[in-house]
Amino acid sequence: MMIDNAMKQRLARIGRVAVLAGGSSAERPVSLKSGAEVHQALRQLGLIAELVDPSEVGVETLKGFDVAFIALHGRGGEDGVIQGVLEHLGVPYTGSGVMASAIGMDKVRSKWLWKGVGLPTPAFHVVGADDDGEALAELGFPLMVKPAHEGSSIGMAKVEDETQLRRALDDARQYDSEVLVEAWVNGSEYTVSVVGEQVLPAIRLKTPNQFYDYEAKYQSNSTEYLCPAGLSDEDESALRALSLRAFKVVGCQGWGRVDVMRDEQGRWQLLEVNTVPGMTDHSLVPMAARAAGDEFPILVARILLDAVDRFPPRKGGKRRG
């Protein structure tokens with residue numbers, strides 16, 4: 001692990017770091033793993049870091065920290081809620097702000113934004129709590145069904161006919177009253193990570209499953225991660241530029257990840273943006289960072305320092321970082 005003197009000096013000026021992990025969303029198990037990895041890296045960097053689970057302690061606990069590293073996935077952590085709490089408390093935090101977090105967590109509104117500025121995304125329909133899905137006929141089959149406000153592929157399903165569609169809608173409604181139904185895209189899936197202003201190398205995802213689902217992400221040993229992604233220099237550049245544009249259109253900052261597919265005609269199709277991606281041993285941002293030359297502790301340090309740079313010091317307090 002190589003840290004230059006300038007980074008060492010900046011890290012030495014940071015006080016107590018709260019690593020927020022756990023929470024009460026459906027992604028709690030993944031969040032706990034991410035938080036543990038981040039906490040260990042911060043301790044390796046010599047920082048005073050403590051794991052904090054907002055589902056187990058009151059938010060007033062956070063007042064005593066100088067900065068928060070958010071490793072909360074899903075609702076309550078990735079949707080602007082904890083960001084709003086930290087803003088109110090005056091505690092700097094990693095990643096996107098309240099608005100971008102809320103939009104990024106909302107797959108439907110992210111797609112509306114992208115469509116509004118002319119960025120490519122698969123055709124879709126939004127199914128409400130009482131919608132029987134009749135308007136989906138024009139999309140045809142197969143389709144992808146997704147809860148509008150969940151991550152980690154929770155509640156997602158590929159459907160081939162009306163029977164499967166009704167079952168998938170019922171399953172998705174267990175997680176969300178609003179369900180996104182997308183036209184199925186045949187093609188390769190890629191993900192592009194952003195840290196600060198740097199766009200990391202694209203990763204191509206290959207799985208024997210029907211799509212890159214929860215099992216493929218966190219449990220399977222058969223999922224392949226190709227980095228370099230096997231793209232030409234021109235295509236890699238185009239994919240990175242599109243991903244950064246999609247990231248910024250939503251208002252994201254700090255760090256995150258954009259998921260993209262390439263259809264059979266060679267066109268890029270934006271799927272979603274992740275404002276608090278996973279930081280586990282199976283996670284994609286650390287993998288892309290390694291390909292770019294940054295080991296995990298350096299990645300964590302860069303994300304943390306970006307946070308302290310974006311927030312002014314507390315009144316009467318020292319500047320952080």
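Me: What makes β8 and β12 a pair, and in which sense do they run?
Reply: This is a predicted model, by the way. Two strands pair if at least two bridges are found between them. Strand β8 (residues 187-195) and β12 have nine bridges, in the antiparallel sense, so they meet that cut-off of at least two. One spot to look at is V192, which stands opposite V258 in β12.

Me: And which strand do six bridges join to β12?
Reply: That's β13 (residues 268-274), which runs antiparallel to β12. Look for D259: its bridge partner in β13 is E272. β12 and β13 form a hairpin, with four residues between them. In that turn, G266 has a positive phi of about 85°. Most residues other than glycine have a negative phi.

Me: Is E236 buried or exposed, and how do you know?
Reply: Its relative accessibility is 13%. The cut-off for buried is under 20%, so E236 counts as buried. E236 lies in helix α8 (residues 233-249). Leaving aside neighbours within four places in sequence, E236 is in contact with P201, A202, A229 and L231. To be a contact, heavy atoms have to be within 4.5 Å.

Me: Where are the cis peptide bonds between F141 and P142 and between C227 and P228, and what is omega there?
Reply: For F141 and P142, omega is about 0°, and P142 is found in the loop between β4 and β5. For C227 and P228, omega is about 10°, with P228 in the loop between β11 (224-226) and α8. Most peptide bonds are trans.

Me: Let's do sheets. What is the strand order in the open sheet of four strands?
Reply: The order is β4-β7-β5-β6, with antiparallel pairing.

Me: Why are β4 and β6 said to stand at the edges?
Reply: β4 (124-127) and β6 (157-159) each have a single partner strand, so one side of each is left without a neighbour in the sheet. Neighbouring strands here are turned by 25° against each other on average, direction ignored.

Me: How many bridges join β5 to β6?
Reply: Three, between antiparallel strands, with β5 covering residues 143-147. At least two are needed for a pair, so three bridges pass the test. One of the places to check is L143, whose bridge partner in β6 is V159.

Me: Which helices lie across this sheet?
Reply: Helix α5 (residues 107-116) lies across β4, β5 and β7 (179-183), at about 145° to β4. Helix α6 (residues 162-172) lies across β4, β5, β6 and β7, at about 15° to β5.

Me: What about the open sheet of three strands: is its pairing parallel or antiparallel?
Reply: Parallel, in the order β2-β1-β3. The edge strands are β2 (48-52) and β3 (67-70), each pairing on one side only. The twist averages 25° from one strand to the next. Strand β1 (residues 16-20) and β2 share five bridges in the parallel sense, and L20 stands opposite V52 in β2.

Me: What packs on that sheet?
Reply: Helix α2 (residues 28-44) does, touching β1, β2 and β3, and its direction makes about 165° with that of β2. Helix α10 (residues 296-310) lies across β1 and β3, at about 130° to β3.

Notes. Residues numbered from 1 in each chain as written. Predicted model: local features only at pLDDT ≥ 70, side-chain atom pairs only at ≥ 80, totals over all residues. Heavy atoms only, no water. Helix = DSSP H or I, 4+ residues; strand = E, 2+ residues; numbered from the N terminus. Axes fitted to C-alpha atoms, helices over the stretch in contact; angles between N-to-C directions. Buried < 20%, exposed > 50% of the residue type's maximum accessible area, 1.4 Å probe, protein only.
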